[in-house]
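Let's take a walk through this model together, one piece at a time. Keep the sequence and the 3D view open as you read.

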Protein chains: 2
Amino acid sequence: MFKNILIIGCGMIGSSILRGAINQKLCRTVYVFEKNVKYQTQIKKINKKIILIKKIDKKIMNMDLVVISTPMSEYQKIINKLNANLSKKTLITDVGSTRGNVAKLIKEKLSKKLNWIMSHPIAGSEVSGPKYGSKNLFKNKWCILIKSNKNKVLENKLSKFWKKLGSKVLFMKEQEHDKIFSVTSHLPHLIAYNLIKTAQDFQKINKKNIIKYSAGGLRDFSRIAASNEIMWRDIFFNNSKNMTKIIDLFIKNLKNFKVDISKKRNSLMLDKLKKSKKVREQILLLKQDISKPDFGREN
Amino acid sequence: MFKNILIIGCGMIGSSILRGAINQKLCRTVYVFEKNVKYQTQIKKINKKIILIKKIDKKIMNMDLVVISTPMSEYQKIINKLNANLSKKTLITDVGSTRGNVAKLIKEKLSKKLNWIMSHPIAGSEVSGPKYGSKNLFKNKWCILIKSNKNKVLENKLSKFWKKLGSKVLFMKEQEHDKIFSVTSHLPHLIAYNLIKTAQDFQKINKKNIIKYSAGGLRDFSRIAASNEIMWRDIFFNNSKNMTKIIDLFIKNLKNFKVDISKKRNSLMLDKLKKSKKVREQILLLKQDISKPDFGREN
């Protein structure tokens, strides 16, 4: 499909693209630019086809596809390198979790001759690093591509690439994307972080170690709140307008729950608790999760 | 260990006690009082040693152990039956998730001659009903017993019973229990319900179906928010003082996060996101969860 692919930033997501592309024979050679020395050692072990490069310079001119999978706070520096070294024949994409900010960056900073179509594969976990990558990470997962209104041929090519990695591809506008994922992904993560912060504050105030009783629910949130802090700072900051709106709605609802509890508003409470089952039913129907009950995970 | 055990309310928890007691040969006969007809059919299939009773009356006088595993809102009615039909030789326990309210109920309503020592096994999941029960549900899980200052012999007997089911037993005062679990269990559940409510409100306001993108985080919360509504209403209402306090702390922290995000307070934000990893490390160290990354569950 491509002769040469360059992956810039090869952590969990980048190395999963790398593994998938090699496994599906989507390219002849994969070049990797990764600054983390520990990661470099892990990447070398994956496949002999991989060539690690030390610099983003003229050598990258022959790339057919460039995939940026660094934290978004690195993009500005990377764009400068791409402007200096790429031509219009290269298809550029990235895997960032917010899109409005990157659309702006592309418009303002990327050379007009270059072609960047944004991707957002909805896949991941709380761990970081290439050793956690998997060729099957994107299998049956959504990958959102952002409409470019620029180059249909490249759009189709990128869509095909993700489909070969196993994704279900969907096109969206960047504003729509950021709004939807502020609710389905960014808020849940912030809430998990905030719950852990609250538990830590409680421990300090009460001088009690409560962690050993975390199996009652806290445990599951702690996993989500162990996600990469650089990545999530970038997401929260870059989607700040949608975030503040949805936080306000969340707080309004939580205050209502507080009143329900303190006034023991029985039927209102039962009604609300019952209704949330509907979301679960939809999620299972859409095969976003399995129905097998979760009693905690065991070795 | 016991000749006759009676289980009042035989859903997921009750049937797990039943299965464990039979498997560990902790009793000769198990009697079950369960009103739900569908549940009755499921219970009959578990073991031939089980005798379903239709009424709580004089027949129960010979019980050595009575385990109440109904929602807590049923306790008042059950206490009246116990007062009329039991003697001091029977050990009574229950498995409710809040303890202050039940301590009060016991003090005010239970006949002085009867012996009730409260239990709270920290085990469960989002599903309900005896078909989900397991003889191993309590294995390596905490079971909190509440100090009764009344009958050491019975306390030791109950402790031994839970240990035979696989639990690690710990004694606590009811106030301490309710405070700790408001943070490690009750708040996480309320937060999950509140997140799902917020997502539903967002869908209504924006006329968008966002559920199919739930794999980014919402999915995990939807599972928790599918828990039994009667049980959780009872918990929230019965622990209302601790709940309102911890909700206030949670909202205060979330408002701070909102300011961090809108003002892009970089180092403060990174510091907070990083610190939550410490809780995760403790949880893994204490073997409350496994370190295997979670990429979503598959069949």
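Two strands count as paired if DSSP finds at least two bridges between them. Helices (H or I, at least four residues) and strands (E, at least two) are DSSP runs, numbered from the N terminus. Before we use these terms, a word on the model and its numbering. This is a predicted model, in which local features need pLDDT of at least 70 and side-chain atom pairs count only at pLDDT 80 or more, while totals for chains, interfaces and linings use all residues. Residues are numbered from 1 along each chain as its sequence is written, and chains are lettered from A and ligands numbered from 1 in the order in which they are written.

**A parallel sheet in chain B**

Strand β5 (residues 91–94) of chain B runs parallel to β6(B), and 2 bridges join them. Which residue is the bridge partner of Leu91(B) in β6(B)? That partner is Asn115(B).

Contact here means that the C-beta atoms of two residues, placed from the backbone, lie within 7 Å. Axes are lines fitted to C-alpha atoms, for helices over the stretch in contact, and angles run from 0 to 180 degrees between N-to-C directions.

Chain A has 10 helices and 9 strands. Its C-alpha atoms fill a box of roughly 70 × 40 × 35 Å along the principal axes. A residue is buried if 20 or more other C-beta atoms lie within 10 Å of its own, exposed if 12 or fewer, and partly exposed in between, with C-beta atoms placed from the backbone. By that rule, 50% of the 299 residues of chain A count as buried. Among contacts in chain A between residues at least 6 apart in sequence, 76% join residues at least 24 apart.

Three strands of chain A form an open sheet in the order β7-β8-β9, and the pairing is mixed. Because β7 (119–121) and β9 (168–172) of chain A each have a single partner strand, one side of each is left without a neighbour in the sheet. Direction ignored, neighbouring strands of this sheet are turned by 20 degrees against each other on average. The pairings are listed here.

| Strand pair | Sense | Bridges |
|---|---|---|
| β7(A) and β8(A) | antiparallel | 3 bridges |
| β8(A) and β9(A) | parallel | 5 bridges |

Within these pairs, Ser119(A) stands opposite Leu145(A) in β8(A), and Trp142(A) stands opposite Lys168(A) in β9(A).

Helix α5 (residues 152–164) of chain A packs on this sheet and touches β7, β8 and β9 of chain A, its direction making about 165 degrees with that of β8(A). Helix α6 (residues 174–206) of chain A also touches β7, β8 and β9 of chain A, and makes about 145 degrees with β8(A). A crossover is right-handed if, with the strands pointing away from the viewer, the path from the first strand over the helix to the second runs clockwise. β8(A), α5(A) and β9(A) make a right-handed β-α-β unit.

**A helix pair and one residue**

Helix α3 (residues 75–85) and helix α4 (residues 100–109) of chain A pack at an angle of about 35 degrees, with axes 11 Å apart. Tyr75(A), Gln76(A) and Ile79(A) in α3(A) meet Val102(A), Leu105(A) and Lys109(A) in α4(A).

Gln40(A) sits in helix α2 (residues 37–44) of chain A. Is Gln40(A) buried or partly exposed? Gln40(A) counts as partly exposed because it has 16 C-beta neighbours inside 10 Å. Leaving aside neighbours within four places in sequence, Gln40(A) is in contact with Glu34(A) and Leu52(A).

**Where the chains meet**

Here, 89 residues of chain A are in contact with 89 residues of chain B. Helix α6(A) gives the most to the side of chain A that touches chain B, with 20 residues.
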